[in-house]
Amino acid sequence: MTTHAISDGRTGRIGSRRPAWPEIIAGGAAYAASFLVVALLLPRVADDAVAGVVGLVVSGAMGLVAFAVAVLIRIRGLSAFGVRRATARQLLVAAALGLGAYILGTMAAIIYMIVSGDAQNVQTSYQEAANAGWLSLALTLVAGSVITPLGEEAFFRGVLANALFARYRAWIAVIASAAIFAVAHGINPVLPAAFVVGVLAALLFRWSGSIWPGVVLHAVNNAAATLVSIIVATAG
């Protein structure tokens, strides 16, 4: 194993107080427990549009719970987890990559469906929420493009990728963290799209030392997916 420094765009290093396996294990356990609770309770929401908004909120909440557990098991400053300022240039690059991630992720999902024959739509409730009126659309955008990216980037990049970068070669950390992030979305057509987002967000974290560029990338990707679903539904 080798140790690699991560640039934070200002000081050049995050330092020696980064998360490690205890944070990964504790945060991962909290994420898994939250996932089981959600899997049991979310199907009880009868209205698809409401379920879509709730699903997006809890997907972010699961990441925030896992992040909080990872932080609290060994008290330290949030900057060790990438909660630190990013430059305007880094955020602009992230926004552009968000559009690229949506395009590449869509192509990857199409290839996955052609090769595997798995064409299930696991985001029906999200699409129902986006198309259920202006208020529902606004809630969907806030939940899917703010809460979800914040929670998922905090855990999957701020804890998982961060810890892996500190101990393994960069390409291993990028691929491993992106693969775990993708599998967390289930074995379905969303998986390859999530992998694309995971790779690009991990690279942004490696470059900036901050979770915020990944949050921006993730937000733009999710917003594009939501708005395109509306355009498709309207055109149909």
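# Briefing on a predicted helical model

Arg157 is buried, with a relative accessible area of 1%. The structure described here is a predicted model, and its mean pLDDT is 92. Two salt bridges are present in the structure, and Arg157 takes part in one of them, with Glu153 as its partner.

**Confidence in the model**

- Of the residues in the protein, 93% have a pLDDT of at least 70.
- Residues 1-5 have pLDDT values under 50, and the model gives this stretch 18 contacts beyond four places in sequence.
- Residues 7-15 likewise have a pLDDT below 50, and the model gives them 26 contacts beyond near neighbours in sequence.
- Where pLDDT is low, the predicted coordinates should not be read in detail.

**The salt bridge between Glu153 and Arg157**

- In the salt bridge between Glu153 and Arg157, the closest N and O atoms are 2.7 Å apart.
- Helix H5, which covers residues 134-167, contains both Glu153 and Arg157.
- The two residues are four places apart in that helix, which corresponds to about one turn.
- Glu153 has a relative accessible area of 0% and is therefore classed as buried.
- Arg157, at 1%, is also classed as buried, because the cut-off for that class is under 20% relative accessible area.

**The salt bridge between Glu23 and Arg74**

- Glu23 and Arg74 form a salt bridge in which the closest N and O atoms lie 2.8 Å from each other.
- Glu23 belongs to helix H1 (residues 21-41), while Arg74 is in the loop between helix H2 (48-72) and H3, so this pair ties together parts of the chain that are 51 residues apart in sequence.
- Glu23 is buried, because its relative accessibility is 0%.
- Arg74 has a relative accessibility of 36% and so counts as partly exposed.

- His218 is located in helix H8, which spans residues 212-235.
- With a relative accessible area of 3%, His218 is classed as buried.
- The side chain of His218 makes a polar contact of 3.2 Å with the side chain of Glu152.

**A nonpolar patch on the surface**

- Ile110, Ile111, Ile114 and Val115 make up a nonpolar surface patch, and their accessible area together is about 440 Å².
- Ile114, one of the residues in this patch, lies in helix H3, which runs over residues 88-116.
- Ile114 counts as exposed because its relative accessibility is 67%, and the cut-off for exposed is over 50%.

**Residues in loops**

- Arg84 is placed in the loop between H2 and H3.
- A relative accessible area of 10% puts Arg84 in the buried class.
- A polar atom in the side chain of Arg84 is 3.1 Å from the backbone oxygen of Ser79.
- Gly209 occupies the loop between helix H7 (190-208) and H8.
- Gly209 has a relative accessible area of 0% and is therefore buried.
- Between the C-alpha atoms of Gly209 and Arg157 the separation is 9.9 Å, and these residues are 52 positions apart along the chain.

- Asp48 is part of helix H2, and its relative accessibility of 42% makes it partly exposed.
- Asp48 and Glu128 are 80 residues apart along the chain, yet their C-alpha atoms are separated by 6.2 Å.
- When neighbours within four places in sequence are set aside, Asp48 is in contact with Ser125 and Glu128.
- Thr124 is in helix H4, which covers residues 124-130.
- Thr124 counts as partly exposed, because its relative accessibility is 34%.
- The C-alpha atoms of Thr124 and Ile180 are separated by 23 Å, and the two residues are 56 places apart along the chain.

How values were computed: Residues numbered from 1 in each chain as written. Heavy atoms only, no water. Patch = residues over 30% accessible without salt bridge, like charges linked within 9 Å, V, L, I, M, F, W, Y side chains within 5 Å. Areas by Shrake-Rupley, 256 points an atom, 1.4 Å probe, with all protein chains shown as cover. Salt bridge = Lys/Arg side-chain N within 4 Å of Asp/Glu carboxyl O. Buried < 20%, exposed > 50% of the residue type's maximum accessible area, 1.4 Å probe, protein only. pLDDT = per-residue confidence, 0-100. Contact = heavy atoms within 4.5 Å. Polar contact = N/O pair within 3.5 Å; in protein donor to acceptor, adjacent residues only side chain to side chain.
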